[in-house]
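Morning, everyone. Let me put the model on the screen, and then we'll go through the ligand site and the cavities.

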Amino acid sequence: MTGIHNLTIVRTIKDLRAITNEWRLKGQTYAMVPTMGALHAGHLSLVEQAQNLADHVLVSIFVNPAQFAPHEDFDSYPRTENDDCIKLSDYSVGAVFCPNAKEMYPDGFCTHVGLSGPAQGLESDFRPHFFQGVATVVSKLLLAAQPDIAIFGEKDFQQLRVIQRFAKDLNIPTEILGGPTMRETDGLAMSSRNAYLSAEERAKSVQLITIMRQTAQRLQHGELCKAVLQEGLDALKDAGFKPDYLALHESQDLKPFTGSSLTKEQLGDYRLLAAAWLGKTRLIDNIEV
Ligand code: AMP
């Protein structure tokens, strides 16, 4: 167990359980915020939400190798544990769990969580390995810590729905809550990967949410969905993006919208989700429609 700015940092599941067992024995509740570090105001908003909902906050920082494909950015993903802990020390955080890969995936590890339902389509069409990696590590984190509540960002909307689904299916006794997407002042959703953007790309990146908002507005006005989504994709390409998808899906079960245009009764029930490359950076975002 180590400390930085009075923050308790634990690296093993045994040490983590020593702390959470103590909380539980005292009848105190705790909310967990799992992250991959490189913390920004989006992560910290979840920490704040956790603070308001439970007696203690537990943050985890683990860059999970299982959710990266071999060609993806696992090696270059920003790792800033010291800075992260300094940021967390401004909050009332009971413990930070920072395991290494061996602690999470010891020799002989061979169990994975398989998914369908909300894990199908969207991200899975482009990152087929991704949700199994997320579901496996999040299950392990939730079973290791057994928090009353765990909070995930709506920024990764499909991930939130996948986690809510498997937590229910596997009878994990943790309430899974979402927190709203924090954005830069120009509208770009905050993300640890935004650090990859060059100054020129950063200036262009705002077009993603701008085009998404325009697209959502047209869908809200009942324009033909297929044509509007195609025009949105074309606009993204014209703005310099290489889009993976721009799609309208039901907000709860994430089934794709199959009608021709949204009716007034359907407003609020759908989500516009997008992923697009800007140079070597993949941005994702989503908004309610
Ligand atoms: P990550 O470190 O990217 O795995 O993210 C950890 C948690 O923070 C996930 O639940 C994300 O959805 C959430 N998150 C990431 N970016 C934001 C944001 N801009 N606003 C709110 N939550 C976010």
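By class, how many nonpolar, polar and charged residues does the shell around the ligand have? It has 8 nonpolar, 6 polar and 2 charged. Nonpolar here is Ala, Val, Leu, Ile, Met, Phe, Trp, Tyr, Cys and Pro; charged is Asp, Glu, Lys and Arg; the others, Gly among them, are polar.

Ground rules, quickly. This is a predicted model, with local features needing pLDDT of at least 70 and side-chain atom pairs counting only at pLDDT 80 or more, while totals for chains, interfaces and linings use all residues. Residues are numbered from 1 along each chain as its sequence is written, and side-chain values use heavy atoms, with hydrogens and water left out.

Back to the ligand. There are 16 residues around it, and M36, G153, D156, M182 and M190 come nearest. Near means a heavy atom within 4 Å.

Now the polar contacts, meaning pairs of N or O atoms within 3.5 Å. H43 puts a polar side-chain atom 2.9 Å from a ligand oxygen. G153 uses a backbone N or O atom, 2.8 Å from an oxygen of the ligand. M182 also uses a backbone N or O atom, 2.9 Å from a ligand nitrogen. Alone, the ligand exposes 490 Å², and the protein buries 92% of that. Those areas are Shrake-Rupley with a 1.4 Å probe.

Where does the ligand sit? In the largest pocket. A pocket is an open set of points on a 1 Å grid over the protein atoms alone, with protein on both sides within 12 Å along at least five of seven lines. β3 (30–35), α2 (41–53) and β6 (149–153) each give two or more residues to the shell. The largest share, 3 residues, is from α2. Elements are DSSP runs: helices (H or I) of at least four residues, strands (E) of at least two.

Next, cavities: grid points where a 1.4 Å probe fits but cannot get out, lined by residues with an atom within 4 Å of a point. There are 2 of 30 Å³ or more. Volume is the space filled by probe spheres set on the points.

How values were computed
A polar contact is a pair of N or O atoms within 3.5 Å; within protein, one must be able to donate a hydrogen and the other to accept it, and residues adjacent in sequence count only if both atoms are side-chain atoms. A molecule sits in a cavity or pocket if more than half of its atoms lie within 2 Å of its grid points.
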